[in-house]
Amino acid sequence: MVQSTQQMVTREIKVDGLDSVEDGNRALDQLSAISIGDVEVDVEGSAFKVTYDILNTQLEVIEVALSDAGCPPKASLWAR
(Lines give C-alpha, C1' and ligand atoms only; values in the text may rest on other atoms or scores of the structure.)
Protein backbone atom coordinates (compact mmCIF):
# COMPACT_ATOMS: atom_id res chain seq x y z
CA MET A 1 0.00 0.00 0.00
CA VAL A 2 1.29 3.44 -0.97
CA GLN A 3 0.63 6.21 1.49
CA SER A 4 0.26 9.75 0.26
CA THR A 5 1.50 12.48 2.55
CA GLN A 6 0.44 16.07 2.16
CA GLN A 7 1.41 19.12 4.06
CA MET A 8 -1.04 21.82 3.03
CA VAL A 9 -0.34 25.45 3.87
CA THR A 10 -2.24 28.62 3.09
CA ARG A 11 -0.36 31.75 2.24
CA GLU A 12 -1.55 35.23 1.32
CA ILE A 13 0.54 36.78 -1.42
CA LYS A 14 0.14 40.51 -2.02
CA VAL A 15 0.74 41.45 -5.63
CA ASP A 16 0.99 44.37 -8.02
CA GLY A 17 -1.17 44.51 -11.13
CA LEU A 18 -4.36 43.04 -9.65
CA ASP A 19 -6.72 45.83 -10.65
CA SER A 20 -9.76 43.93 -11.88
CA VAL A 21 -11.57 40.60 -11.90
CA GLU A 22 -10.10 40.01 -15.38
CA ASP A 23 -6.58 40.29 -13.91
CA GLY A 24 -7.55 37.75 -11.26
CA ASN A 25 -8.98 35.37 -13.85
CA ARG A 26 -5.81 35.62 -15.94
CA ALA A 27 -3.75 34.72 -12.87
CA LEU A 28 -6.11 31.84 -12.02
CA ASP A 29 -5.54 30.45 -15.52
CA GLN A 30 -1.78 30.52 -14.91
CA LEU A 31 -2.13 28.93 -11.48
CA SER A 32 -4.34 26.14 -12.83
CA ALA A 33 -1.29 24.81 -14.70
CA ILE A 34 0.47 23.95 -11.42
CA SER A 35 -0.57 21.68 -8.58
CA ILE A 36 -2.29 23.77 -5.92
CA GLY A 37 -5.25 23.10 -3.67
CA ASP A 38 -7.26 26.31 -3.62
CA VAL A 39 -6.97 29.97 -4.62
CA GLU A 40 -8.97 32.96 -3.42
CA VAL A 41 -8.67 36.30 -5.20
CA ASP A 42 -8.98 39.58 -3.30
CA VAL A 43 -9.00 42.36 -5.90
CA GLU A 44 -9.59 45.11 -3.33
CA GLY A 45 -6.69 43.89 -1.18
CA SER A 46 -4.47 43.12 -4.22
CA ALA A 47 -3.79 39.64 -2.90
CA PHE A 48 -4.18 35.95 -3.59
CA LYS A 49 -4.75 33.43 -0.81
CA VAL A 50 -3.21 30.19 -2.05
CA THR A 51 -3.48 26.77 -0.42
CA TYR A 52 -0.89 24.31 -1.66
CA ASP A 53 1.07 21.23 -0.68
CA ILE A 54 4.58 22.35 0.27
CA LEU A 55 5.89 18.84 -0.35
CA ASN A 56 4.86 19.01 -4.03
CA THR A 57 4.82 22.71 -4.96
CA GLN A 58 7.38 25.38 -4.20
CA LEU A 59 6.33 28.93 -3.41
CA GLU A 60 8.68 30.19 -6.12
CA VAL A 61 6.67 28.28 -8.75
CA ILE A 62 3.50 30.03 -7.61
CA GLU A 63 5.24 33.42 -7.64
CA VAL A 64 6.50 32.85 -11.20
CA ALA A 65 2.99 31.88 -12.35
CA LEU A 66 1.59 35.08 -10.81
CA SER A 67 4.34 37.16 -12.44
CA ASP A 68 3.70 35.52 -15.81
CA ALA A 69 0.03 36.54 -15.47
CA GLY A 70 0.99 40.18 -14.88
CA CYS A 71 0.50 40.09 -11.09
CA PRO A 72 4.03 39.92 -9.65
CA PRO A 73 4.32 39.46 -5.89
CA LYS A 74 5.35 42.55 -3.97
CA ALA A 75 9.05 42.51 -3.15
CA SER A 76 8.73 42.90 0.61
CA LEU A 77 8.82 39.77 2.74
CA TRP A 78 6.09 41.37 4.85
CA ALA A 79 3.84 41.27 1.78
CA ARG A 80 3.93 37.45 1.75
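**Salt bridges, core and strands in a predicted model**

Good morning. I begin with a charged pair: Glu-12 and Lys-14 join their side chains in a salt bridge, at 3.6 Å from N to O. A salt bridge here is a side-chain nitrogen of Lys or Arg within 4 Å of a carboxyl oxygen of Asp or Glu. The model is a predicted one, in which local features need pLDDT of at least 70 and side-chain atom pairs count only at pLDDT 80 or more, while totals for chains, interfaces and linings use all residues. Residues are numbered from 1 along each chain as its sequence is written, and side-chain values use heavy atoms, with hydrogens and water left out.

Let me stay with this pair. Glu-12 is partly exposed, at a relative accessible area of 37%, and Lys-14 is partly exposed at 31%. In these terms, buried means under 20% relative accessible area, exposed over 50%, and partly exposed in between, with a 1.4 Å probe and protein chains only.

How many salt bridges are there by this rule? The count comes to three. Another of them joins Asp-16 and Lys-74, at 2.8 Å from N to O. This pair links distant parts of the chain, since Asp-16 sits in the loop between β1 and α1, and Lys-74 in the segment after α2, 58 residues apart. There is also a salt bridge between Asp-23 and Arg-26, whose closest N and O atoms are 2.7 Å apart. Because they are three residues apart in helix α1, Asp-23 and Arg-26 are separated by about one helical turn. Asp-23 is buried, with a relative accessible area of 11%, whereas Arg-26 is partly exposed at 40%.

I turn to the overall arrangement. The protein has two helices and three strands, in the order β-α-β-β-α along the sequence. Helices (H or I, at least four residues) and strands (E, at least two) are DSSP runs, numbered from the N terminus. Of the 80 residues, 29% are buried.

Strands β2 (residues 38-42) and β3 pair in the antiparallel sense over five bridges; two strands pair if DSSP finds at least two bridges between them. Within this pairing, Asp-38 stands opposite Thr-51 in β3. The hairpin of β2 and β3 has four residues between the strands, and Ser-46 there takes a positive phi near 50°.

The largest nonpolar core has 14 residues, of which Ile-13, Val-15, Phe-48, Ile-62 and Leu-66 touch the most other members. Such a core is a set of buried Ala, Val, Leu, Ile, Met, Phe, Trp, Tyr and Cys residues joined through side-chain atoms within 4.5 Å. At least two residues of this core come from each of α1 (21-31), β3 and α2 (59-68), and α2 gives the largest share, four residues. Ile-13 belongs to strand β1 (residues 8-14) and is buried, at 0% relative accessibility. Ile-13 and Val-50 are 37 residues apart in sequence, yet 7.6 Å apart in space, C-alpha to C-alpha.

Finally, I come to Asp-53, in strand β3 (residues 47-53). The side chain of Asp-53 does, however, reach the backbone nitrogen of Gln-7 at 3.1 Å. Thank you.

How values were computed. Polar contact = N/O pair within 3.5 Å; in protein donor to acceptor, adjacent residues only side chain to side chain.
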